[in-house]
Amino acid sequence: MKVIPYLNFEGRTEEVINTYRDIFNGNIESLMRFGDRFPGNEDRIMHATLSFSGNNLMFSDGKPGDAVNYGNGLHLCISLSDEAEATRVFNTLSDGGKVTMPLEKQFWGALYGQVIDRFGVSWMINCQ
């Protein structure tokens, strides 16, 4: 069994998936647009999948006409083993976002920090 986060960004998915592809050195495995199904929304992304380091994230602009609401009940945790890479990922996600916990050594021994990126996604960066 595998859990795959599915993220919705009302009209910003293309920007988001390209940004995350660059941050995580990933590949966009699939990208489907609404096309003729919803006139006036031909360029919106119906479904996309980003793969990186054995992980997948799925994306959509959401169904046209349905608002996307963000909350604070979900964080994506990225676990790394290289401190330089953890710092790079944290700093890149922080660009245009908000650091909610600085990336620092913690009492449990890990380098750890939290950030809400410029798209409103909450990330936890953990490096053992």
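Angles under 35 degrees between two elements count as roughly parallel, those over 145 as roughly antiparallel, those from 65 to 115 as roughly perpendicular, and the rest as oblique. The structure described here in these terms is a predicted model, in which local features need pLDDT of at least 70 and side-chain atom pairs count only at pLDDT 80 or more, while totals for chains, interfaces and linings use all residues. Residues are numbered from 1 along each chain as its sequence is written, and side-chain values use heavy atoms, with hydrogens and water left out.

The secondary structure of the protein chain consists of two helices and eight strands, where helices (H or I, at least four residues) and strands (E, at least two) are DSSP runs numbered from the N terminus. Along the sequence these elements follow the pattern β-α-β-β-β-β-α-β-β-β, and the C-alpha atoms of the protein chain fill a box of roughly 55 × 30 × 25 Å, taken along the principal axes.

Four of the strands form an open sheet in the order β1-β4-β3-β2, with mixed pairing; two strands are said to pair if DSSP finds at least two bridges between them. Strands β1 (6-8) and β2 (27-33) stand at the edges with a single partner strand each, so one side of each is left without a neighbour in the sheet. From one strand to the next, the twist in this sheet averages 15°, angles being taken from 0 to 180 degrees between N-to-C directions, with axes as lines fitted to C-alpha atoms, for helices over the stretch in contact.

Within this sheet, β2 pairs with strand β3 (residues 45-52) in the antiparallel sense over six bridges, and Met32 has His47 in β3 as its bridge partner. Helix α1 packs on the sheet, where it touches β1, β2, β3 and β4 (55-60), and its direction makes about 5° with that of β3; contact here means heavy atoms within 4.5 Å. Strands β3 and β4 are also paired in the antiparallel sense, over five bridges, with Phe59 in β4 as the bridge partner of Ala48. By contrast, β1 and β4 run parallel and are joined by three bridges, and the bridge partner of Asn8 in β4 is Ser60.

A further open sheet of four strands has the order β5-β8-β7-β6, again with mixed pairing. Its edges are formed by β5 (75-80) and β6 (98-105), each with a single partner strand, so one side of each is left without a neighbour in the sheet. The twist averages 15° from one strand to the next. Strand β6 pairs with strand β7 (residues 111-116) in the antiparallel sense over five bridges, and Tyr112 in β7 is the bridge partner of Glu104. Helix α2 packs on this sheet, touching β5, β6, β7 and β8 (122-127), and its direction makes about 165° with that of β6.

Two packed helices are described by the angle between their axes and the distance between the axes. Helix α1 (residues 13-23) and helix α2 (residues 83-94) pack at an angle of about 160°, with their axes 10 Å apart. The two helices α1 and α2 are therefore roughly antiparallel to each other. Tyr20, Asp22 and Ile23 of α1 make the contact with Arg88, Val89, Thr92 and Leu93 of α2.

Side chains of opposite charge can pair when their charged atoms come close. Under the rule that a salt bridge is a side-chain nitrogen of Lys or Arg within 4 Å of a carboxyl oxygen of Asp or Glu, the count comes to six salt bridges. One of them joins the side chains of Glu14 and Arg33 (2.9 Å, N to O). Glu14 lies in helix α1 and Arg33 in strand β2, so the pair ties together parts that are 19 residues apart in sequence.
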